[in-house]
Amino acid sequence: MTILTAIPSAEPVDLDVWRPLVAPHVKGCPDLAIRQEVLRAAIQFCERTRAWKAVPPPVDIDAEVATYPVPTPCSASCVIVEQALYDGRELIAQTTDQLTARFGPRWMPTPMTSGALHLKRGGTNVSLSPGTPQYFTQLNPNFLVLVAPPATALRCGLIVRGSYRPDRASTTLPGFLWDQYADEIADLAIAALCAVPGLPWSNPEAAAYRAAQGEAAIGRVSRDASKNFSRAPSRVRLQSF
């Protein structure tokens with residue numbers, strides 16, 4: 001099984017590159033507020049569309065250790081792990097509920113440094129012995145659990161393809177967001193800024209219009225992202241209010 005291709009991130013771009021797309025529609029708005037809303041818009045866009053796919057460097061596997069931090073690109077946070085390969089073989093994604101139904105309510109590794117998975121069968125706690133992992137799940141976006149715990153150490157044994165978003169301290173964004181989705185992110189940022197009441201740039205009509213444009217784009221890109229991992233650049237000129 002070959003892992004699916006990720007979207008190339010290109011060179012990072014500064015948040016300020018969005019200013020010419022946003023500032024004319026929120027006259028008088030401070031640059032800092034524009035930067036903040038562009039970042040929030042990019043986070044929202046990536047969380048909801050899963051447009052940012054990446055395959056970070058492989059992870060080394062330790063014997064009898066089931067839990068691993070999800071690898072992430074620089075200045076990014078994981079939205080969800082979409083595919084995981086162990087020693088070149090694809091693992092089956094499972095929810096925690098599915099694993100509980102399969103193995104019992106105490107399948108999760110405890111403590112985090114232990115590879116043993118504690119199961120409950122017939123009222124008796126037993127451990128799932130280390131072996132070859134067949135499944136994976138996420139306890140939260142930051143940690144991935146292999147089931148069963150791997151029996152042996154394996155260098156570069158785990159490859160993950162995930163969907164990512166910028167982290168909240170980012171000062172740059174992946175270049176593909178500018179190349180392919182600059183106007184969509186600008187729409188979301190303008191909508192948020194215009195929706196704040198009592199400011200010189202407040203504009204409920206523009207906020208509603210931009211929000212509708214943003215929602216339509218999120219729906220469209222979500223459908224595209226579920227089928228493909230790249231898209232030709234789309235540069236739609238913003239409508240003025």
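Let me start with Arg155, which forms a salt bridge with Asp60, the closest N and O atoms being 3.7 Å apart; by salt bridge I mean a side-chain nitrogen of Lys or Arg within 4 Å of a carboxyl oxygen of Asp or Glu. Arg155 lies in strand S12 (residues 154–166) and Asp60 in strand S3 (residues 59–61), so this pair ties together parts that are 95 residues apart in sequence. When I speak of helices and strands, these are DSSP runs numbered from the N terminus, with helices being H or I runs of at least four residues and strands being E runs of at least two. Arg155 counts as exposed, at 69% relative accessibility, and Asp60 is partly exposed, with a relative accessible area of 39%. For these words, buried means under 20% relative accessible area, exposed means over 50%, and partly exposed is in between, with a 1.4 Å probe and protein chains only.

Please keep in mind that this is a predicted model, in which local features need pLDDT of at least 70 and side-chain atom pairs count only at pLDDT 80 or more, while totals for chains, interfaces and linings use all residues. Residues are numbered from 1 along each chain as its sequence is written, and side-chain values use heavy atoms, with hydrogens and water left out.

The count of salt bridges comes to 13, and I will take two others in turn. Asp187 pairs with Arg210, with the closest N and O atoms 3.0 Å apart. Since Asp187 lies in helix H4 (residues 175–195) and Arg210 in helix H5 (residues 204–227), this pair ties together parts that are 23 residues apart in sequence. Asp187 counts as buried at 8% relative accessibility, and Arg210 counts as buried at 1%. There is also a network, in which salt bridges that share partners join Asp14, Asp16 and Arg35.

Arg40 is partly exposed, with a relative accessible area of 45%, whereas Glu37 is buried, at 16%.

Glu37 brings us to the packing of H2 against H4. The axes of these helices come within 8 Å and cross at roughly 115°, where axes are lines fitted to C-alpha atoms, for helices over the stretch in contact, and angles run from 0 to 180 degrees between N-to-C directions. Residues making the contact include Glu37, Ala41 and Phe45 of H2 and Tyr181, Ile185 and Leu188 of H4, contact meaning heavy atoms within 4.5 Å.

Turning to the aromatic residues, a search of the whole structure finds six aromatic pairs. Rings of Phe, Tyr and Trp (its six-membered ring) pair if their centres lie within 6.5 Å, and planes under 30 degrees apart count as stacked, over 60 as edge-to-face and the rest as tilted. The rings of Trp18 and Trp178 have their centres 5.1 Å apart and their planes at 85°, so that pair is edge-to-face. The pair links distant parts of the chain, with Trp18 in the loop between strand S1 (13–14) and helix H1 (19–22) and Trp178 in helix H4, 160 residues apart. Trp18 counts as buried at 0% relative accessibility, whereas Trp178 is partly exposed at 23%. Phe45 and Tyr181 form a tilted pair, 5.0 Å centre to centre and with 50° between the planes, which links helix H2 to helix H4 across 136 residues. Phe45 is buried, with a relative accessible area of 0%, and Tyr181 counts as buried at 4%. Phe45 and Tyr181 also belong to one aromatic cluster with Trp52, Tyr164 and Phe176.

Finally, a word on Arg50 and Lys53. Arg50 lies in the loop between H2 and S2, and its phi is near 55°, a positive value in a residue other than glycine. The backbone oxygen of Arg50 lies 3.1 Å from a polar atom of the side chain of Lys53. Lys53 is in strand S2 (residues 53–54) and is buried, with a relative accessible area of 3%.

Terms used: Polar contact = N/O pair within 3.5 Å; in protein donor to acceptor, adjacent residues only side chain to side chain.
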